[in-house]
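Visitor: I'd like a quick tour of this fold. Could you walk me through how its pieces pack?

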Amino acid sequence: MLPVRLLRWLRPGPAVRCVAGRRLHKRASLQKVAALPPKKMRSLLYPFSELETYLDRSVDRTQFQLFHPSLEDMMEAEKLFHSSPSHKIDYHISAERMDHAPALKQPEVCFIGRSNVGKSSLIKALFSLTPEVEVRVSKTPGHTKKMNFFRVGKAFTIVDMPGYGHRAPKDFVDMVEPYLYTRKNLVRTFLLVDGSVGLQKADLIALEMCEEIRCPYVIVVTKIDKCGSGVLLTNLLNLQDVVKTQTTSCFPQPFLISSLHFWGVYLLRCFIAHVTGSIRLKDTSQS
């Protein structure tokens, strides 16, 4: 049962149809989610809850729920993804080399992953409350050829990196590795893995690279709407086994995402705000 004050805050007001001529996604904000039935709302905020019922009792669920902020915390984080005159969210610049990268002081997070894993779609979903920020999404793998920097006011920067694997830029390694090794304000790397196919060879290589760098990173499982619960759970448990046995710098909890249906987007927004020091959470877990 949600506290009355949260229900009042979340109660949908007049619909915001567009910003700068572009329509907002119907689930871009928690205000819209509040109108849904409680079970549906929970699955959007905490996607793992939908899979939990299929797990055997012997499976440890702790690692899937380490970061479990309250609804109030997620509402606070969401404010950072609203653009305003005093808090401007915008595409800043693209860079092909580290010497072209902007000298920004605010904390930074970057997204890397295999071509066509859904990086740009995820970043577009994160910025869906500010649709005037143009995040190019293409059906063609390897569309992102440069490091694209997006500033979220003075709070933090999000960097969309080129994809690796199929149709990756020829100079991918020369572009990405120096950034990961030398970027001093990089506080977290998000490694995206396609939940419908699980870890691929290229993903394991990227994971090894993140381990060598020893900069904290997180695995984000994308496209969870593209497969059944059985396939997703199998891939997820295999992934968790790799994280448990082969990593030391990876956050134990994977973040489950559907950019199409917005499952997990609110939770990821909150985690980004948390690791960049932009908000102080009242509670980060169920315990």
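Visitor: How are H5 and H10 oriented to each other?
Guide: Quick note before we start: this is a predicted model, where local features need pLDDT of at least 70, side-chain atom pairs count only at pLDDT 80 or more, and totals for chains, interfaces and linings use all residues. Numbering starts from 1 along each chain as its sequence is written, and side-chain values use heavy atoms, with hydrogens and water left out. Helix H5 (residues 71–78) packs on helix H10 (residues 265–275) at an angle of about 70 degrees, axes 8 Å apart; axes are lines fitted to C-alpha atoms, for helices over the stretch in contact, and angles run from 0 to 180 degrees between N-to-C directions. Since 65 to 115 degrees counts as roughly perpendicular, H5 and H10 are therefore roughly perpendicular.

Visitor: Which residues of H10 make the contact with H5?
Guide: Contact means heavy atoms within 4.5 Å, and helices (H or I, at least four residues) and strands (E, at least two) are DSSP runs, numbered from the N terminus. H5 brings Asp-73, Met-74, Ala-77 and Glu-78. From H10 come Tyr-266, Leu-267, Arg-269, Cys-270 and Ala-273.

Visitor: On which side of H7 do the buried residues sit, the same or opposite ones?
Guide: In H7 (residues 172–182), Phe-172, Met-175, Val-176, Tyr-179 and Leu-180 are buried, meaning under 20% relative accessible area with a 1.4 Å probe, protein chains only. They cover an arc of only 105 degrees around the axis, taken from the directions from the helix axis to the C-beta atoms. That puts them on the same side of H7.

Visitor: How many residues of strand E8 are buried?
Guide: Both faces of E8 are covered, with Tyr-217, Ile-219 and Val-221 on one side and Val-218, Val-220 and Thr-222 on the other. E8 (residues 217–222) is largely enclosed by the rest of the structure, because the buried count is 6 of the 6 residues.

Visitor: What is the bridge partner of Asp-194 in E8?
Guide: E7 and E8 run parallel, joined by 6 bridges; two strands pair if DSSP finds at least two bridges between them. In E8, Asp-194 has as its bridge partner Thr-222.

Visitor: What is the relative accessibility of Thr-157?
Guide: Thr-157 lies in strand E6. Beyond its neighbours within four places in sequence, Thr-157 touches residues including Leu-104, Pro-107, Val-109 and Phe-149. Thr-157 counts as buried, because its relative accessibility is 0%.

Key. Parallel < 35°, antiparallel > 145°, perpendicular 65-115°, else oblique. Buried < 20%, exposed > 50% of the residue type's maximum accessible area, 1.4 Å probe, protein only.
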